[in-house]
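Work through the exercises below with the model open. Try each task before reading its solution.

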Amino acid sequence: MDSKYASYGKAKDKRNNFDTKAKRVKLSIDNKNNNPQKENKHVNGLDTEISHYKENPDDIKEMRKLLPVYAVRHRILEEIRKHDTMIIVGETGSGKTTQIPQILHEHRLEDTAAIAVTQPRRVAAITLALRVATEMSADIGSFVGYCVRFEDVTSPKTKVIYLTDGMLLREAIMDPLLMKYSIIVLDEAHERTVNTDVLFGIVKLAQKERKLRGSKLKVIVMSATMDVDTFRNYFDNCAVIYLEGRTYPVTIYHTKLKQEDYQYAVVCAIFQLHASTPADHDFLVFLTGQEEIETVMANIKQIAKESPGPQIRVCPLYAGLPANKQLVVWKPIPPGMRKIVLATNIAEASVTIPKIKCVIDTGVVKERSWCRVTGAERLHVVPCSQAACWQRAGRAGRTAPGAAYRLYTAADFAARPQHNTPEILRCPLAATLLMLIATGMDPGTFPLIDAPSPDSVQASLILLKELGAIENENNPKLKALGKKMTAFPIDPKYSRVIISAPEYGCLDEALSLVAVMSSENIFHTPLHKREEALKVKQKFVSPLGDHVTLLNVFKAFCKAPLKKQWCKENYLNHRNLSYASDIRAQLFAICQRLNMEVTSCGTDLDQLLKCLLSGLFTNCAWARGIVTSGTGRYVTASGSGASIHPASVLHLKRPPPPALLYTELLQTKRAYLVTVSAIQPHWLHQVAPDYARRCRANR
DNA sequence: TCGTCCGCG
């Protein structure tokens, strides 16, 4: 155990040292209840336990009447009748997402068309629809339904449709005026996901155009944040309704001193609170990632052995954790024991853990950003916004009054930005721009609350031009190839791979590979079982590189009869492989619709790599002739240095391949090429001659 | 020799 805390748990005298150390966290009451309203305000999110409710219809009616929104339903209705666009700010538990669509439906405000209620997440769309169907005593898929990727549970009679905003965006490609709906409710607007931001513009333009045609579209934006000025300005100073929430007060504590090392501070805070808090108070701790969670978990277990107080059960929670291990968080524990949940920001909005009384917030988050010049994505730990801090604190007040211990000072808090940087300013834009162009929008004039820099837009338009999707970056007109690309709900580079595949006779393999690459990491490597996980991976490894290795794993997964068991034995993530399998089926169906011939290249895997290169030709790296500084042994097309990621099967391979095709350029401590294959340098000239010429000219 | 936040179609 190389933990820097490990020694504290070993001897009692060192425990004293731990307690009296100057560095220990001092928790003080800096702003106890000074602003109880504010404490609740960014709390939102969906109770995943919603779907487990089983009540009789009378109870449900009574429960609806108790919701804050019920009392003001007539006023809401009146306002919505009056205004074409409005913003509803509702705190957690106000019932806005489940009740307002019902109120609209009961008063037949949707007319002959339907009501769309969008959500950033699939599970939310599904569970909300199930809840509302129960409340309205309807079968799901009748007049209440939902629509998410792989699952359309609606019928022509469906009047209230819960759907992901990604799904509504895809509908906009077919019908930019969204004529199917007379009311569109955009929920969780404060999260500012790329899809929600783009939908704002789509509905705004659709509303304007439909007004001219005498077909009204009502737009209702729902948000948990109180800072609605940005939204209000964007929607031409529309009306705003505020709804009260249903949460309990959360007392906020800040540290008196700045904590230099939050990983150290968090362990100190846990044990200080552990010694002073009743055993039935569960803790929720916000950390940044898998490795950090595993390290802190090991430290807690070590110290707990020597520590007085109730028994501790530590539960890790992050998205990459296999589902069965995630579920442990929701399992009840024996009385007299304390549950400590160590979570990433998955617990901030995506999932709700009941009975949390105490939140410990490190105040940091791991954020991904994109560099338009090198195409590199960066993962780094940054302080989170004030809004995120309130959101985290609110997790302690879901079922009873609680407390939030912030491992940063009140001054530090005050100096933070109010909101996180919207995703649209941080991510590659090619997919979004292609979607917009396919919807008939002009990327130059499309209204966005926060517009990305013209340089970022330009960089992504150039990529779309190079992929053959649009004519020109200055006058982006969709080409036939681009039109075909939008049929596939995947990254434009990958849809280009699929469309090229028949040419290389490898559509069968390309579909599998693109499906796996569109899913999350399929390898699960726990910190303490790394060696064993690496050993079992060997049977899938191909000398050609990571891509063929991924393909080998996917093929074996498809053949395995007991998939869950098989994944466990092979240290693979069953959820992500199943997801890849679903994506493959979806892509396959689209190929059939487009009359594409599904052929296999058999053992001629060079064909597959060339095909991959036809979409990822901008992702080539060449071995450096002369080893210069420590920036890496390869150089990319943009001229930046990088090394093969150590998790790659080509890492440390001798001799190093002269040229590589990489999936991702990731900047962590250094720049790494992630998921790579060896290619012949002359392939680039065969596969993408125009690009190869320009690329050589620039180098 | 690395340690992959969260999501969507």
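**Exercise 1: the DNA surface**

Of the atoms of DNA strand B within 4 Å of the protein, 66% are sugar or phosphate atoms, and the rest belong to bases. This is a predicted model: local features need pLDDT of at least 70, side-chain atom pairs count only at pLDDT 80 or more, and totals for chains, interfaces and linings use all residues. Residues are numbered from 1 along each chain as its sequence is written, chains are lettered from A and ligands numbered from 1 in the order in which they are written, and side-chain values use heavy atoms, with hydrogens and water left out.

Task: describe the residues around DNA strand B.

Step 1. Take the residues near the strand (a heavy atom within 4 Å of it). There are 35 residues around DNA strand B, and Arg-170, Ala-319, Lys-366, Thr-668 and Tyr-672 come nearest.

Step 2. Sort them by class. The surface has twelve nonpolar, twelve polar and eleven charged residues.

Step 3. Look for polar contacts (N or O atoms within 3.5 Å). A side-chain N or O atom of Arg-149 lies 2.9 Å from a base nitrogen of DNA strand B. For Ile-490, a polar backbone atom is 3.0 Å from a base nitrogen of DNA strand B.

Step 4. Assign elements, using DSSP runs (helices, H or I, at least four residues; strands, E, at least two) numbered from the N terminus. Helix H8 gives the most to the surface near DNA strand B, with three residues.

**Exercise 2: the largest core**

Task: find the residues that touch the most other members of the largest nonpolar core.

Step 1. Define the set: buried Ala, Val, Leu, Ile, Met, Phe, Trp, Tyr and Cys residues joined through side-chain atoms within 4.5 Å. Buried means under 20% relative accessible area, exposed over 50%, partly exposed in between (1.4 Å probe, protein chains only).

Step 2. Of 112 residues, Ile-202 and Ile-498 touch the most others. Helix H21 (residues 507-518) gives the most to this core, with eight residues.

Step 3. List contacts (heavy atoms within 4.5 Å). Not counting residues up to four places away in sequence, Ile-498 touches residues including Phe-488, Leu-507, Val-514 and Met-596.

Key. A polar contact is a pair of N or O atoms within 3.5 Å; within protein, one must be able to donate a hydrogen and the other to accept it, and residues adjacent in sequence count only if both atoms are side-chain atoms. Ala, Val, Leu, Ile, Met, Phe, Trp, Tyr, Cys and Pro count as nonpolar, Asp, Glu, Lys and Arg as charged, and the others, Gly among them, as polar.
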